[in-house]
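Here is a walk through one protein model, stop by stop. Have a look at the structure first, and then we'll start with its rings.

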Amino acid sequence: MENHTEKKYRIRAGICIFFLLVIGLIATDNYKKLPGFHKDVLQIGVFSDSYWEVQNGWAYRIAEDAIARFEEQHPGVRVEYVSGIIKEDYADWLSGQMMKGEAPDVFFVLGEHFNDFAEAGVLKNLDGLIKEDDEFLPERYYSSAYAYGNYEGTQYALPFTCAPKLMFVNKTILEKEGIALPENQWTWDDFYRICSEVTKDTDGDGTPDQFGTVGYTWEDAFDSNGVMLFDERGKECYLTDPKAGTAIAFIEKMEELNEGYSVSSKDFALGNVVFQPMLFSEYRAYKSYPLSIKKYAGFAWDCLMMPAGPDGENISRLDTLLLAINPSTVHGKEAWEMLKLLTGDEAIQSEIFTYSEGVPVLREVVEAEENQKFFASESDSSHVLNLPMLSHAVEQAVVIPRFHNYDNAVSEVDRAIQAILQSNSNINMETIIQNRKINHYLNH
């Protein structure tokens, strides 16, 4: 039989092990996963201002409406959102919460930070949830917006709202110069011809003061000429692709029109430039009162699809605001249901047209007949984007590859292209040299 001393030591050992387990649970926050240690409160991470950098006064409206609907559908579950964090500080705040193990169950992810968060492993892998949920239909989303939440073949986020890049047009200059507004199926040849015709010295001081375009980049040219810059793994750069060479030559040709003058966005705002690429969200924001009188008020303006290169289409890239789930959440089921509500509910997505400057990510919402009034009320021309055209712009938008260190790789390409444009040597030879440097960077 067990003697008294052995029994006493066994009890003490058991108590010590128990306290060690408790201390471990507390230290790692795993106690929150035990029954009775957490409340049925789902937290959502949001920011207080517009993703599109235009204060509209409705920062929390869509989230609040979604929360009200969710709580009605899920009795006993309370949903809270974190308030008071501006977009500029949001990524740093969210990173800090993640480091402390206190990140919200569901949170917005800015498009520019998605790669970093996906690489860090702080976004829940959604593939299993998507596969097991027969009611979830990825095809309802615009494929380009949906792909924005995919990193190296894994879906880590769902799209909430998006905006394609379009070409803003100063119609007043075109009318003054007797030039017709281009059709949406216009080309680089049309783009160059118009820019060359309008670039001139209008006040007779010997220096051009009216220009064709500002802000049109090599990325815009690559996108609209069918250039795939990297392979999917980010191990090879295709700068030597003839289509890339054509795009670089076109950029050089366009820059020569300005005769060394550095055209700025301010020049466009002052009414001295015909074309400037911008996101559709800015078109929406500054077409409506009262913002319409604060910017671009001295001339009539509109927007078009981007001009197509000889080997490409009238397409551009998309900016997308995403929603993700905390992989450590204790409310996995509820978090997934909230994610689907915010991104896949028709009524909630329709509110984006009313309370935001972006575009819904559901095709059925954008193409709904009742939303025709949105375009009719915000347009002063029958030529501007209609719903089918906007829908096409989003669906056909360029989907850039997602791989580790992508942003730095693009910076390397940018430096290479600037070197090519500034070089006096043959463009093809300089491109080969720069492409070798980039591939060396990608593989070391």
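## Aromatic rings

Let's begin with a cluster: Trp-186, Trp-188, Phe-191, Tyr-216, Phe-250 and Phe-275 are linked together by ring pairs. Rings of Phe, Tyr and Trp (its six-membered ring) pair if their centres lie within 6.5 Å; planes under 30 degrees apart count as stacked, over 60 as edge-to-face and the rest as tilted. This is a predicted model, where local features need pLDDT of at least 70 and side-chain atom pairs count only at pLDDT 80 or more, while totals for chains, interfaces and linings use all residues. Residues are numbered from 1 along each chain as its sequence is written, and side-chain values use heavy atoms, with hydrogens and water left out.

The count comes to 26 aromatic pairs. Take Tyr-51 and Trp-52: their ring centres are 4.6 Å apart and their planes sit at 75°, so the pair is edge-to-face. Tyr-51 counts as buried, at 7% relative accessibility, and Trp-52 counts as buried at 8% (buried means under 20% relative accessible area, exposed over 50%, partly exposed in between, with a 1.4 Å probe and protein chains only). Phe-268 and Phe-299 make another edge-to-face pair, 5.7 Å centre to centre with 85° between the planes. Phe-268 belongs to helix H11 (residues 265–269) and Phe-299 to the loop between H12 and strand S9 (301–304), so this pair ties together parts that are 31 residues apart in sequence. Helices (H or I, at least four residues) and strands (E, at least two) are DSSP runs, numbered from the N terminus.

## Charges over rings

Lys-87 lies over the face of Tyr-51, 4.7 Å from the ring centre. The charged end of Lys-253 sits over the ring of Tyr-192, at 4.1 Å from its centre. For this, NZ of Lys or CZ of Arg must be within 6 Å of the ring centre and within 35 degrees of the ring normal.

## Strand S3 and its partners

On strand S3 (residues 106–109), Val-106 and Phe-108 point one way, Phe-107 and Val-109 the other way, and all are buried. S3 runs parallel to strand S1 (residues 41–45), joined by two bridges, and Val-106 is the bridge partner of Ile-44. S3 and S10 pair in the antiparallel sense over four bridges, with Phe-108 partnered by Leu-323. Two strands pair if DSSP finds at least two bridges between them.

## The largest pocket

How much space lies in the largest pocket? About 880 Å³. Its lining has 26 residues, and Tyr-148, Lys-165, Leu-279, Arg-317 and Asp-319 lie nearest its centre. By class, the lining of this pocket has eleven nonpolar, three polar and twelve charged residues (Ala, Val, Leu, Ile, Met, Phe, Trp, Tyr, Cys and Pro count as nonpolar, Asp, Glu, Lys and Arg as charged, and the others, Gly among them, as polar).

On a 1 Å grid over the protein atoms alone, a cavity is a set of points where a 1.4 Å probe fits but cannot get out; a pocket is an open set with protein on both sides within 12 Å along at least five of seven lines, and lining residues have an atom within 4 Å of a point. Grid points are joined across faces, edges and corners, and a volume is the space filled by probe spheres set on the points.

The largest cavity holds about 260 Å³ of space, and among its 17 lining residues Phe-47, Asp-49, Ala-59, Phe-160 and Leu-321 lie nearest the centre.
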